[in-house]
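Please work through each task before reading its solution.

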Amino acid sequence: VIAAAGRVRRFLGKEIAELDQLPAIWRSVRIVMPGVLVAEGPAWTSQAEADRQMSEWCAALESWPQREQWPWITIVDDAEFSAANLSNWLWVTFVRSNPSHDVRGVGERITYKHWGCCGPLLVDARANAHHAKPLIEDPQVVKRVDALFAKNGVLGALT
């Protein structure tokens with residue numbers, strides 16, 4: 001659960017110019033929506049390496065002056081795709097991450113068995129060894145399926 005109720009605590013970042021002081025730790029950074037960034041990290045190699053990288057990135061962000069304006073950062077393989085629209089970001093962030101392994105935060109702490117951080121929250125959503133390989137469309141199969149659902153196709157009445 002991410003609590004987002006109560007008084008206004010911050011104003012969310014909206015401009016790429018606000019990222020000029022972001023530590024140079026990722027190849028590409030894109031804005032998804034106010035306060036939410038995607039950042040391209042290196043390819044995932046192992047959980048131990050991912051844990052080390054996340055700790056390093058959290059430490060680097062501790063001194064970032066704009067960190068209050070950007071409370072959510074998703075680490076991805078392809079920033080342009082992930083930030084292209086809300087559907088892409090939601091899919092990448094929540095299908096390619098495991099909360100028990102892939103969520104960290106700047107200034108993270110556990111208080112009375114409740115995890116928290118002072119922000120930003122980092123979600124590692126890079127493809128890793130536990131994920132299925134991406135589905136790649138075969139143009140010939142797509143053509144045959146489209147023909148089935150065409151106006152005069154066998155399944156055309158279903159569209």
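**Exercise 1.** Identify which residues form one aromatic cluster, and characterise the pair of Trp72 and Phe94.

Solution. Trp72, Trp89 and Phe94 form one aromatic cluster. Rings of Phe, Tyr and Trp (its six-membered ring) pair if their centres lie within 6.5 Å; planes under 30 degrees apart count as stacked, over 60 as edge-to-face and the rest as tilted. The model is predicted: local features need pLDDT of at least 70, side-chain atom pairs count only at pLDDT 80 or more, and totals for chains, interfaces and linings use all residues. Residues are numbered from 1 along each chain as its sequence is written, and side-chain values use heavy atoms, leaving out hydrogens and water.

The structure holds 4 aromatic pairs. Trp26 and Trp57 form an edge-to-face pair, 5.7 Å centre to centre with 65 degrees between the planes. Trp72 and Phe94 form a tilted pair, at 6.1 Å and 55 degrees.

**Exercise 2.** State why Trp72 counts as buried.

Solution. Buried means under 20% relative accessible area, exposed over 50%, partly exposed in between (1.4 Å probe, protein chains only). Trp72 counts as buried because its relative accessibility is 15%. Trp26 and Trp57 are buried as well.

**Exercise 3.** Determine the strand order of the open sheet and its edges.

Solution. Strands (E, at least two residues) are DSSP runs, numbered from the N terminus; two strands pair if DSSP finds at least two bridges between them. The order of the 5 strands is 1-2-3-7-4, with mixed pairing. Strand 1 and strand 4 (103-105) each have a single partner strand, so one side of each lacks a neighbour in the sheet. Strand 1 runs antiparallel to strand 2 (residues 36-40), joined by 4 bridges.
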